[in-house]
Amino acid sequence: MDMPKVTRRTFLKVSAAAGGAAAAAPRLLQAMENELGGRDYSPVTMAQRQAIPYTCHVCNIQDGAIAFVENGRIVKLEGNPEHVSTRGRLCAKGNAGMWYTYNPDRVLYPLKRVGARGEGKWKRITWEEALTEVAQRLDAALKEDPNTIMLKWGRDRTGGALIRFMHTLGSDNTMNHTSVCESSKKVGMEPTWGPDIETPDFSKTKYVLNFGSNVLEAAYFHNPLSQRVTEGRIDNHMKIVTFDVRLSNTAGYSDEWIPVFPGTDGAVALAIGHVILRDDLQDSEFINTWTNVTVEELKEHYKSFTPEWAEKISGVPAATIERLAHEFATTKPATVFTYRGPAKHLYGSYNEKACMMLPILTGNVEKAGGYCLPRGMGWPQPNPKPPKPAKHAYANHHYHPLFPLASHGVSHLTPFDIFEGRTKVNVYFTYMDNPVYTNPGAQAVWGRLFKDEKLIPFFVSISTVIGEETAYADIILPDCMFLERWEPESMPNSLWPWLGIRQPIIAPLGETRETRVILRDIIHKLDPDGSRGMKQYWNFKDGEDYMRQHFDNIPGLKDVGGLDFLKKKGVWPIYGKLDPRTGKVVDKTGREIKAEYELYKKELSDSDMMGATIEPNGLIVKNGKAIGIRRNGKNYVGFPTPNRLLNVRVDEWAKYGFNPMPTFKRIPWHETMKDDELVLTTYKFNVHVQSRTASVKWLAEIVHNNPMWINPETAKKIGVKTGDLVRVESKVGYLVTKAYVTEGIHPKAVAIATGCGHWEYGRLATLKLNEKPQFGGTEDPDLKNVWWDDKGVHPNIIIPAIADPIGGSQAWYDTVVRVTKAGPNDKYGDVFGDFQKHLEAYREGLRFTYKGDLHRKMHPEMAHWPGPEQSQDQGHHS
Ligand SMILES: Nc1nc2c(c(=O)[nH]1)N[C@H]1C(S)=C(S)[C@@H](COP(=O)(O)OP(=O)(O)OC[C@H]3O[C@@H](n4cnc5c(=O)[nH]c(N)nc54)[C@H](O)[C@@H]3O)O[C@H]1N2
Ligand SMILES: Nc1nc2c(c(=O)[nH]1)N[C@H]1C(S)=C(S)[C@@H](COP(=O)(O)OP(=O)(O)OC[C@H]3O[C@@H](n4cnc5c(=O)[nH]c(N)nc54)[C@H](O)[C@@H]3O)O[C@H]1N2
Ligand code: SF4
Ligand SMILES: [Mo]
């Protein structure tokens, strides 16, 4: 169909001319709907706005976007229509992204603490002063031990700059935030198939079992994937069944919402597997060819996981499990998606593994409409590269000695390692991290740590704002916002791999500098003439020059212009055009572009096979490296695992006394819960990102408080109605908040969202609206239009730090609480966390680690395990 050629500009002109516009309007409105985007006009001057592509980083999904600039100011953001995953659409948070930059409470120049730690007294200093002091402190630390320099990041999208910095200093002491994020999901999957995430092919599937992912509101890839979920529903009549303890908007959009008892998804998934195997609905050919177990072994192993057994644990009726198993196994194609729901529990890795088994059992792996491997791209690092540090830190972002299988670290236990003297810190760097707010124990644990000048003698924060953590810093080095800096990107957020960039849309505000430049400047201060061998790794003019070193030599991209192409388009490759009628990416002939499937069945070429040997089990080895697997007379690349198969049996787990086969463990303290006890769960709002969006008014206006969800049945027992104050008490602390009574939650659970209840983070987040901007920002008159006076209550102070002994994940969703009607002395917003009790809870949690006394008790089936002394830890996994 030919669309009338209409731009917003002509539309505005037509609609302004009354009369004739009336008849034309409906058709033009439709045309407007079908405009592809990528262009924009000032409603005042009608002039076309400058359009600059970038990659969104309000959250971590990394959507492709376009910023529109007028008179040097970013006035509007929208999705990049040429981006294969994003397809022209941003979520609410992405659309509001410029307010993240124009936050009047941003820190626009370096600051030095003048009062006591955390007291909020700051002095403006110059970059020269800041860099000199940081370099002096680093110098002193280096003399003692490079590993006393620690850097913890929350979200690192610098493309390798932080690690380069630490390796330049010779320090191995790096920490990420993944253990509070989704690490047990990753650890549940990696040994089985290689990567740490799946790509469900929602738009082509007929059936989805969703275990605890709020894909329409949060979850990894929620903007690109929710588009595909909608397509699956509309175009394909797909059925979606969501397991969640809470009626999330994803559960609400699903055909069925199944409220499971917290932490029991694994039992349900195993029982679904039991029915599939019992009734012979599995894909035997796939299992016997592509996994390291046989159908017979699985049938035997799954025998005890009956629907009746799972019903007792999860509350999901056995009949429902039977039905879902049949629907899932007989509808083709079908897929599974999980996110943090199953993973953030004491034995989250087992839960994830049990869910992952369902597409494996039914052969839905790597099929159109199935459960697919992620597709991403990488980029080379500038040369020369600093060597890996010679000495291992006690723990780092992929290794903790008590959690040898937790390949993404266990950073939420770091404070305890410091309190108890296993990790020594002279200089602590933080980058885009806010554990004082986002981690279990929050201010009671992390706040106490950062206040202690003996334990943290010097604290440098590379941040854009003063959040709850940065409030404790000695020096703040002000970073640029994502709309002002260079960064390389790639995310496997659809079935088509891509590379993208962030580039400065506007010049950095104030004196802010981008991180890679800050890090370079620190190194240059430490090693001005290069004699210490550090400077050589930091040879670049500016952020753009560094990007050239990533992008100018990538085959394919190089031919079309390397970084220059990305500066113009934001993303590479451009797979096709967005079809305005369907919203899909199509080729020149108008047909939807196809994804590649069955990647594991790619055949090795003759030249690949040159000099390769085939072992008796089929493994194809070349130069000492497994490059593929021989199956049915053909040489395939196989899966990206060491044995090129799907490892249903994970032998590495057995080395530490964990069950190598799919299994389920109940959370012991849930088994002994008393009648008046409930499980506290926490979740994310669709319009907020962690602690980061608290200063964005467009979003705060939509959501600014977080009452506790409670089931009517439960609320009745304790006599509370919506709006009443409740006291929520765990074994480590209590808080006072408001109740929101809703059928949309399991009667044995309560839920408090994260994202509200700030005590730092600027005037909007804390509702201290009468103060003035302090750190270089200009007043925002819109702050005067804040009509709400309730900022919510943040729950993390009452959540103990417990880690999954396999995956290392924080058990966010396991906290047992007692909820009562608030007493006369309780005030809304009261929070309290007892440090000693947090410490005890942490020690109790360690009893489940492979060296702990409860480990064996939890694993009677592993009686043959020789024990921790014999299970030689492989040492440091770097
Ligand atoms: N809007 C928004 N989107 C985001 C983010 C954000 O901050 N805001 N952050 C990004 C990041 S870092 C992450 S890690 C992802 C997280 O994405 P998700 O994991 O999808 O989101 P969460 O809200 O963390 O948790 C998912 C759901 O688990 C449920 N749940 C709790 N316990 C259980 C259980 O035992 N079983 C089941 N089945 N469900 C349970 C919660 O009620 C919640 O609805 O989102 C990403 N996207
Ligand atoms: N109760 C509860 N707690 C949770 C969760 C939950 O669902 N419930 N979710 C958890 C999850 S999934 C995650 S991933 C973690 C996230 O937790 P964190 O990794 O701690 O993430 P943020 O809250 O995003 O903190 C980022 C901090 O970085 C700084 N910052 C913001 N933008 C920039 C920037 O552009 N540059 C620099 N240099 N600094 C910047 C600010 O100081 C900000 O406070 O939270 C976890 N905490
Ligand atoms: S999901 Fe939203 S906030 Fe996250 S990257 Fe995409 S558009 Fe930005
Ligand atoms: Mo996360």
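Modeller: Keep in mind that this is a predicted model. A place to begin is Ala 219, which is buried, with a relative accessible area of 13%.

Biologist: What is the phi of Ala 219?

Modeller: About 65°, a positive value, although Ala 219 is not a glycine. Most residues other than glycine have a negative phi.

Biologist: And where does Ala 219 lie?

Modeller: In the loop between strand E9 (207-211) and H8.

Biologist: Is Asn 632 buried or exposed?

Modeller: Exposed, with a relative accessible area of 64%. Ala 219, at 13%, is buried.

Biologist: Now cis peptides. Which residues does the cis bond with Pro 573 join, and what is omega?

Modeller: That bond joins Trp 572 and Pro 573, with omega about -5°. Pro 573 lies in the loop between strand E19 (571-572) and strand E20 (577-578). The peptide bond from Asn 383 to Pro 384 is also cis, and its omega is near -5°. Pro 384 sits in the loop between strand E13 (371-372) and helix H17 (414-419).

Biologist: Changing topic. How much space lies in the largest pocket?

Modeller: About 970 Å³. Its lining has 35 residues, and those nearest the centre are Asp 156, Arg 157, Lys 186, Asp 196 and Met 491. Helix H7 (183-193) and strand E17 (487-489) are the elements that give two or more residues to that lining.

Biologist: What classes of residue are in the lining of the largest pocket, and which domains give at least three residues each?

Modeller: By class, there are eleven nonpolar, 16 polar and eight charged residues. Domain 2 (111-181 + 393-489 + 497-531) and domain 3 (183-372) each supply at least three residues to the lining.

Biologist: Last one. What surrounds ligand 3?

Modeller: The surrounding residues include Cys 56, Cys 59, Cys 91, Lys 93, His 222 and Asn 223. Helix H3 (92-95) and helix H8 (222-236) are the elements that give two or more residues to this shell.

Biologist: How does the shell around ligand 3 divide into nonpolar, polar and charged? What are the counts?

Modeller: Six nonpolar, four polar and two charged.

Definitions and conventions. Residues are numbered from 1 along each chain as its sequence is written. Chains are lettered from A and ligands numbered from 1 in the order in which they are written. This is a predicted model: local features need pLDDT of at least 70, side-chain atom pairs count only at pLDDT 80 or more; totals for chains, interfaces and linings use all residues. Side-chain values use heavy atoms; hydrogens and water are left out. A residue is near a molecule or strand if one of its heavy atoms lies within 4 Å of it. Helices (H or I, at least four residues) and strands (E, at least two) are DSSP runs, numbered from the N terminus. Ala, Val, Leu, Ile, Met, Phe, Trp, Tyr, Cys and Pro count as nonpolar, Asp, Glu, Lys and Arg as charged, and the others, Gly among them, as polar. On a 1 Å grid over the protein atoms alone, a cavity is a set of points where a 1.4 Å probe fits but cannot get out, and a pocket is an open set with protein on both sides within 12 Å along at least five of seven lines; lining residues have an atom within 4 Å of a point. Grid points are joined across faces, edges and corners, and a volume is the space filled by probe spheres set on the points. Domain bounds come from an automatic or database domain assignment. Buried means under 20% relative accessible area, exposed over 50%, partly exposed in between (1.4 Å probe, protein chains only).
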